[in-house]
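Notebook open. I wanted to look up the ligand surroundings and then the aromatic rings.

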Amino acid sequence: MQLGVVGTGHVGLVTCVTFAEFGHDVIATDEDQAKLEKLEVGDTPFFEPGLSELLQKHRNGKLTFSHEKRSLTDADVVFICVGTPPRASGEANLAAVENSAREVAGHAKAKTLIVEKSTVPAGTATRLRRVLRHERPDLRDDLDVASNPEFLREGAAIEDSLRPSRILVGADSGWARERMRGVYEPLIDKGVEYIETDIATAELSKHACNAFLALKISYINAIARLCERAGADVELVAEVLGSDERIGPHFLKAGLGFGGSCFPKDLRAFDVLARELGYDFTLLRDIAKVNDEAVDAALAKVSDAVWNLDGKRIAMLGLSFKPGTDDVRFSPALELARRLIERGATVVGYDPHASEPAQAEVPEIEIAASAEDALAESHCLVLATEWPEFRDLDLAKARELMAYPVIVDARNFLDGRAALQAGFTYYPVGRPHLAPDE
Ligand code: UDX
C-alpha cells in the first residue's frame with residue numbers, strides 16, 4: 001500500500017520505519033526541512049534502539065521524505081502523527097492536527113483515509129470530519145477519518161511496533177475498516193490481536209489505558225509512602241499484589257514516579273475532557289498528586305541524609321524520564337534536580353544518553369562525562385533513572401570518590417546490602433533504610 005505519515009517525531013518516525021518494514025511504500029512529511037535532510041542521509045533526531053538500523057535499511061527505498069504535503073496525493077492512508085502539546089489549562093492543543101488534516105485533504109484523491117495516531121481527546125474525529133468536508137466538498141463521502149492510537153513505549157518503540165501486543169482501530173465506515181486491515185495485514189496474519197471499534201471508543205480507550213497505567217504506578221508509590229512509615233517493604237507488597245492475576249505484576253514498580261511525553265500530559269488532557277463531558281474525574285488529579293509526592297519523598301531523603309543542602313554536591317545518575325531513551329520531557333529526575341538546586345545544592349548529573357537534552361532543560365545542572373566524574377567529592381549519590389550500566393557501579397570505588405557515604409536509590413535499583421557493605425548509608429524507596437552501625 002501507499003502510506004503517508006505527517007510528522008516525524010517519536011511516534012511518526014517509528015511508524016514510518018515499521019510500515020516500511022511491513023512492505024508498504026511510505027512518504028513522510030514534516031515542516032522541519034533541516035530534520036528531513038538529516039533523515040534522508042540516515043541521521044535519527046533522537047535515540048531509540050533499533051531505529052537507526054531500520055532508517056538506514058529503508059531510506060531512499062520504501063521510505064522517502066518530503067517537505068510538501070502534495071507529495072501525499074497518492075497515499076491510500078495518511079497517518080497524522082504531529083504533536084498535541086498541553087495548553088496552560090491542560091487541554092491538548094490540536095491546532096497541528098487540524099492544520100495537517102486540512103492540508104492533506106487539500107491535495108487528497110478520492111478514498112483517502114486520514115488516521116489520527118497522535119493521542120487526541122474523544123470527539124476529535126467528528127471535528128476532523130467536519131474539516132475534511134469543509135475543505136473538500138467535492139469528496140464529501142470519499143474522504144474519511146479513523147483512529148489508530150499508538151501504544152508504543154519509548155526505548156522499546158521499534159519492538160512494540162513490529163510486535164505489538166494488540167492493535168486498536170476505530171473506524172465508522174466499511175471502506176475505512178477495510179483500508180486499515182490492509183495496513184496491518186502482515187501483523188493480523190501473524191495472529192496479533194486486532195480490535196475494531198467505533199472511533200469515539202478508540203479515542204477514549206487510549207486515554208483510559210494511559211490513565212490506568214499511571215494509576216498503577218501512583219498506587220504502588222502511595223503504598224511505598226505507607227511502607228516507609230510502617231517499616232514494611234514495598235517490593236514484597238508489589239510481589240503479593242502482582243501474584244493476584246486479577247491485578248498482574250506490571251507497572252507496580254515504586255520509584256520516582258512517572259514522566260515522559262505521555263502520562264503527565266494525557267492525564268491532564270483526560271481530566272479536561274472529562275470535565276467538558278460533565279464528569280468530575282477526581283481520581284485523575286489524585287494520580288498526579290501522588291506522582292508529585294514521589295519526588296517530595298526523594299528530596300526529603302536527600303535532605304535527611306546530608307542535612308543542609310546549601311553547598312552540598314549531589315551526584316545524580318540518570319536524567320532521562322526512564323532508561324533506554326534520551327527523552328527528558330517531564331523527567332522526575334530533572335524535577336528533583338531543580339528542587340535540589342533551588343535549595344542551594346549543586347547537582348552534578350550523568351546520563352548515558354540524555355546529558356545534552358537535560359542540560360538544555362535545566363542549565364544549572366553540571367554535566368559530568370562519566371558516573372565516576374559525577375561522584376567525585378559528592379555528598380550523596382541519587383540513582384534517579386535505572387540505566388542498566390549503573391548496576392555495574394563499583395561501590396567501593398564510589399565510596400572512595402565521594403565526600404559522604406550516602407546513596408538515595410530513588411528506583412530501588414542498586415544492591416542495598418552491597419552498598420551497606422561498602423560503607424554506605426542506603427535509602428531505598430518504600431523499604432527500610434540501611435545504615436552501618438553509627
Ligand atoms: C507510555 C505507555 O506505556 C505507552 O503505552 C504509551 O503509548 C505512551 O506512554 P512511555 O511514556 O514511553 O510509554 O513509558 P513507560 O515505559 O510506560 O513509562 C512511563 C513512566 O512510568 C516512566 O517514567 C517510568 O519510569 C515510570 N514507571 C513505569 C514507573 O515508575 N513504575 C512502573 O512500574 C512503570
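Predicted model: local features only at pLDDT ≥ 70, side-chain atom pairs only at ≥ 80, totals over all residues.

Residues are numbered from 1 along each chain as its sequence is written, and side-chain values use heavy atoms, with hydrogens and water left out.

Helices here are DSSP runs (H or I, at least four residues), numbered from the N terminus.

Next, polar contacts (a pair of N or O atoms within 3.5 Å). I found a polar backbone atom of Glu154 at 2.6 Å from an oxygen atom of the ligand. For Glu150, a backbone N or O atom lies 3.2 Å from a ligand oxygen atom. Lys206 uses an N or O atom in its side chain, 2.9 Å from an oxygen atom of the ligand. The ligand taken alone exposes 660 Å², and the protein buries 91% of that. Areas come from the Shrake-Rupley method with a 1.4 Å probe; for residues, only the protein chains shown count as cover.

**Asp160.** Is Asp160 buried or exposed? Buried, because its relative accessible area is 15% (buried is under 20%, exposed over 50%, partly exposed in between). Asp160 sits in helix H6, residues 157–162. Leaving out residues up to four places away in sequence, Asp160 touches Phe151, Leu152 and Arg153 (contact: heavy atoms within 4.5 Å).

**Rings.** I get nine aromatic pairs in the structure. Rings of Phe, Tyr and Trp (its six-membered ring) pair if their centres lie within 6.5 Å; planes under 30 degrees apart are stacked, over 60 edge-to-face, the rest tilted. Phe251 and Phe263 are edge-to-face, 6.3 Å centre to centre with 65° between the planes. That pair joins parts twelve residues apart: Phe251 in the loop between helices H9 (234–242) and H10 (263–276), Phe263 in H10. Phe251 is partly exposed at 32% relative accessibility, while Phe263 is buried at 14%.

Definitions and conventions:
Polar contact = N/O pair within 3.5 Å; in protein donor to acceptor, adjacent residues only side chain to side chain. Helix = DSSP H or I, 4+ residues; strand = E, 2+ residues; numbered from the N terminus. Buried < 20%, exposed > 50% of the residue type's maximum accessible area, 1.4 Å probe, protein only.
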